[in-house]
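The structure is shown first.

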Amino acid sequence: MEKSKRESADVIVIGSGIGGLTAAALLQERGFSTLVFEKNRFPGGSCSSFRRGGYTFDAGASVFYGFSEESKSGTLNLHTKIFRKLGIVVNTIPDPVQIHFHLPNGLSVPAWYDREVFLDTLATRFPHEAGGIRKFYDELEDVYRILSALPAGSLEDITHLGSVGLNNPLKTVSLAMKTFRSMGRTARKFISDRELLRFIDMEAYSWALQDAVSTPLVNAGICLADRHHGGINYPVGGSGAIPAALCTGIEKFGGTVRFQSEVSSILLEDGAACGVRLADGSEHFAKVIVSNATIWDTFNRLVPDRRFRVAETRFLRAPSWFQLYLGVDSSVIPDNFYVHHILVEQWENFNQSGGTIYFSAPSLLDPSLAPPGKHTIHAFVTSEAEEWEGFTRGSDEYREAKESLASSVISRTERILPGLSQAVELKVLASPLTHERYLNRHKGSYGPLLKPGQNILQKPQNTTPVKNLFAAGDSTFPGQGVIAVTYSGVSCASRIARILGKPLDYLS
Ligand SMILES: Cc1cc2nc3c(=O)[nH]c(=O)nc-3n(C[C@H](O)[C@H](O)[C@H](O)COP(=O)(O)OP(=O)(O)OC[C@H]3O[C@@H](n4cnc5c(N)ncnc54)[C@H](O)[C@@H]3O)c2cc1C
């Protein structure tokens with residue numbers, strides 16, 4: 001593809017989150033030149049790793065789908081397919097339990113990789129709902145089966161939609177119908193036990209930050225069925241291994257990822273995006289710009305034309321996080337302790353700020369993440385940026401507020417890890433302000449969520465109202481989660497490649 005004289009690349013990508021890197025890697029492999037600008041010194045955004053005091057911590061994500069070798073898996077197992085296409089190996093370690101839920105009233109449910117063991121665990125606790133449990137999870141399995149048969153592409157691409165519809169008419173119609181259904185309403189068709197329905201709420205909340213009624217059935221079908229097929233697999237070396245491998249892929253095919261390069265604005269010419277200006281004042285031009293920033297940051301900070309502003313009220317703004325990264329003595333972790341946990345003490349406040357504790361200890365899977373005799377722990381609770389905005393960074397008050405919240409999270413976690421407070425040897429604390437500052441995410445938010453009742457197809461796709469400006473990442477369809485933003489990167493690359501005249505092959 002011919003570049004004009006002033007163009008640095010065919011495609012400029014703003015941000016090296018998983019959505020942006022995936023789009024760049026696939027386009028670069030297809031022969032388009034790509035240039036990624038990342039403000040940090042490292043790639044991956046919410047899916048990066050950092051080292052401190054001999055420990056390697058996952059900054060955010062640590063439960064990973066998409067790494068199975070299952071060959072006939074359509075839209076699923078995207079990591080395997082993308083790294084196969086790039087010719088890059090990412091070694092992973094299988095995790096037998098997705099999440100161990102510790103809920104009120106002694107309800108303790110490990111979400112096992114083995115589907116039958118998982119369904120039996122639930123049926124043992126709720127024998128009167130055994131039939132309903134199976135029917136509900138079979139509905140999710142149905143979504144999984146359909147998605148496994150349909151190739152990944154852009155829902156804005158008529159050629160792709162036409163080909164998928166012609167080759168799989170029944171599955172396509174069935175999937176389209178399911179986009180109107182909610183996970184929680186589907187559960188209520190088969191289940192009436194209130195405690196079990198609350199467990200199903202937690203299943204949704206664990207990644208969607210919404211209860212089951214507000215969560216689309218299709219999203220649930222991906223995560224809660226695929227865990228029993230592809231399973232949960234942890235990348236050796238930590239979550240940062242995924243973006244590092246994508247960067248290697250981009251560079252292997254001749255693309256560039258430039259770190260410590262913050263984009264301060266998107267350049268428009270006759271209303272169309274044509275380049276970016278960096279914080280150092282330099283300008284870079286391309287045929288197409290992809291923003292991996294959130295929809296609020298893209299249109300309310302980077303696009304200078306105020307006509308494109310996105311009202312805060314267009315979506316629900318998910319909360320941000322208060323996070324603890326702990327290095328601990330390994331003696332505090334009992335035998336047979338699973339890697340990922342969710343703790344709720346009271347149903348009344350599971351979805352309130354700080355109400356649910358997320359907890360993971362990935363060095364149980366990959367001991368190289370911690371010094372000998374130690375483990376890494378990542379614990380986090382939801383928190384709103386507004387709760388922290390009155391503090392000055394570096395001040396004693398800010399430090400004390402963080403220490404105080406951290407102590408409370410640690411002491412609540414002692415319910416599953418007695419003695420944790422005594423075992424902590426290293427502690428790094430991050431408030432929503434940290435999340436906002438590091439990742440340029442508006443209010444440090446987990447991202448925009450659909451309002452209850454909105455169809456999942458109402459999530460923005462990759463095309464934006466600004467000509468030549470595309471979007472990838474968790475502000476776009478299908479939403480939050482590493483595998484979801486990977487899909488958004490695939491669909492964004494597919495859309496751009498088609499428009500630029502060299503369509504991508506389907507991933508296999
Ligand atoms: C605490 C936490 C736990 C999570 N746990 C899981 C989990 O277990 N499993 C899972 O699947 N998902 C999990 N997620 C969600 C998942 O990590 C995210 O949905 C996903 O990584 C978001 O990817 P993204 O492509 O949208 O971009 P982001 O991760 O937001 O990355 C965007 C990148 O763009 C850069 N950037 C932004 N603006 C600019 C600019 N102007 N110039 C240059 N660079 C810029 C940022 O620095 C960043 O590197 C978790 C998230 C968090 C926060």
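A residue counts as buried if 20 or more other C-beta atoms lie within 10 Å of its own, the C-beta atoms being placed from the backbone. The model discussed here is predicted. In strand E14, nine of the 10 residues are buried, so the strand is largely enclosed by the rest of the structure.

**Ligand shell.** The ligand is surrounded by 37 residues, and the closest are Gly 15, Gly 17, Gly 19, Gly 45 and Gly 473. Two or more residues of this shell come from each of helix H1 (18–29), strand E14 (320–329) and helix H15 (482–499). By class, the shell holds 15 nonpolar, 16 polar and six charged residues. Domain 1 and domain 3 each provide at least three residues to it.

**Domains.** The domain assignment divides the protein chain into domain 1 (7–90 + 235–314 + 451–499), domain 2 (115–231) and domain 3 (316–444). Between the C-alpha centres of domain 1 and domain 3 the distance is 27 Å. Contacts link 22 residues of domain 1 with 21 residues of domain 3. On the domain 1 side, strand E4 (55–58) and helix H11 (295–302) each supply at least two residues, and E4 gives the most, with four residues. This side of domain 1 comprises six nonpolar, 10 polar and six charged residues.

Methods. Residues numbered from 1 in each chain as written. Predicted model: local features only at pLDDT ≥ 70, side-chain atom pairs only at ≥ 80, totals over all residues. Near = placed C-beta within 6 Å. Nonpolar A, V, L, I, M, F, W, Y, C, P; charged D, E, K, R; others polar. Domains from an automatic or database assignment. Buried ≥ 20, exposed ≤ 12 C-beta atoms within 10 Å, placed from the backbone. Contact = placed C-beta atoms within 7 Å.
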